[in-house]
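Colleague: I'm new to this one, could you walk me through it?
Modeller: Gladly, here it is.

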Amino acid sequence: MGIVNVTPDSFSDAHLHDAVAHGWRLLADGADLLDVGGESTRPGAARVDEAEELARVIPVVRALVDEGAAVSVDTTRASVAAAACAAGAIMVNDVSGGLADPEMLPLVAALDLPYVAMHWRGHSADMQSRAVYDDVVAEVCDELSARRDAALGAGIRDVVLDPGLGFAKNADHNWTLLRALPQLTGLGRPLLVGASRKAFLGALLDGRPAADRDAATAAITVLAAQAGVWAVRVHEVAASADAVRVVAAVTP
Ligand code: PMM
């Protein structure tokens with residue numbers, strides 16, 4: 001899954017053209033799916049309003065779909081998910097797992113589309129204050145199981161789970177969860193992992209800036225592929241696509 005973040009810190013004012021060109025590059029590099037989002041979820045980020053999120057996301061979804069791309073929409077708002085799916089998106093990636101908007105799960109059920117439910121404890125502005133666990137693996141598994149059951153109970157048939165690395169989690173929590181991929185895949189649904197360029201990789205690499213964390217990201221892709229993870233969500237696709245093929249070649 002290649003990341004197309006349509007946010008001012010990713011693309012300048014000419015964002016439509018730039019974001020679409022970026023999406024095409026990710027497809028050429030081997031992405032099977034493009035994840036288009038208009039709201040930054042970095043720790044501390046403020047929310048964007050609905051009109052702004054729609055204005056960022058919908059034209060990019062439409063342009064990529066019109067050219068034949070498979071697109072998921074990265075949003076916590078049912079209204080944005082509905083508009084993106086009307087524009088041709090075929091999957092909803094909700095970092096809140098249905099907690100941010102009560103209309104999200106019924107909407108995705110009605111559309112009968114696949115749904116990514118990520119582990120989440122609150123919006124980005126103050127989520128790191130919720131990075132408190134006695135047993136991070138047990139608690140993430142419990143809370144993610146509850147979101148799985150809510151999504152299935154709402155009538156969504158195809159539910160993907162995601163441990164939400166970096167969301168109400170510190171670096172130790174992220175590494176502990178990556179060590180526990182077998183327990184997470186044991187929740188009985190396909191698993192998505194999003195480690196790409198995240199701060200815990202920068203911390204491991206002595207403060208390396210985000211753009212220089214792609215080799216570490218590809219190393220996580222190897223671990224994820226070996227653990228049977230369904231997909232990784234990455235900024236730089238080529239190395240991760242190669243990593244997946246290498247793991248496949250040595251997997252009986
Ligand atoms: N991470 C970000 C945004 N959306 N969606 C899922 N399912 N999983 C993630 O880990 C995830 C996500 C934040 O990362 P970015 O700002 O680098 O896109």
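This is a predicted model: local features need pLDDT of at least 70, side-chain atom pairs count only at pLDDT 80 or more; totals for chains, interfaces and linings use all residues.

Modeller: Residues are numbered from 1 along each chain as its sequence is written, and side-chain values use heavy atoms, with hydrogens and water left out.

Colleague: Which residues have the most contacts inside the largest nonpolar core?
Modeller: They are Leu34, Val36, Tyr115 and Leu184, in a core of 68 residues. Such a core is a set of buried (under 20% relative accessible area, 1.4 Å probe, protein chains only) Ala, Val, Leu, Ile, Met, Phe, Trp, Tyr and Cys residues joined through side-chain atoms within 4.5 Å.

Colleague: And what is Val36 in contact with?
Modeller: Leaving aside neighbours within four places in sequence, its contacts (heavy atoms within 4.5 Å) include Val4, Val6, Val57, Val60, Val61 and Leu64.

Colleague: Which residues of α2 are buried?
Modeller: In α2, residues 50–66 (a DSSP run of H or I, at least four residues, numbered from the N terminus), the buried ones are Glu53, Arg56, Val57, Ile58, Val60, Val61 and Leu64.

Colleague: What follows α2?
Modeller: Gly68 does, and its phi is positive, near 100 degrees.

Colleague: Switching to Thr217, why does it count as buried?
Modeller: Thr217, found in helix α9 (residues 214–226), counts as buried because its relative accessibility is 3%. Not counting residues up to four places away in sequence, Thr217 touches Ser196, Arg197, Leu201, Val234 and Ser240.

Methods: Buried means under 20% relative accessible area, exposed over 50%, partly exposed in between (1.4 Å probe, protein chains only). Helices (H or I, at least four residues) and strands (E, at least two) are DSSP runs, numbered from the N terminus. The expected span of a helix is 1.5 Å times one less than its number of residues.
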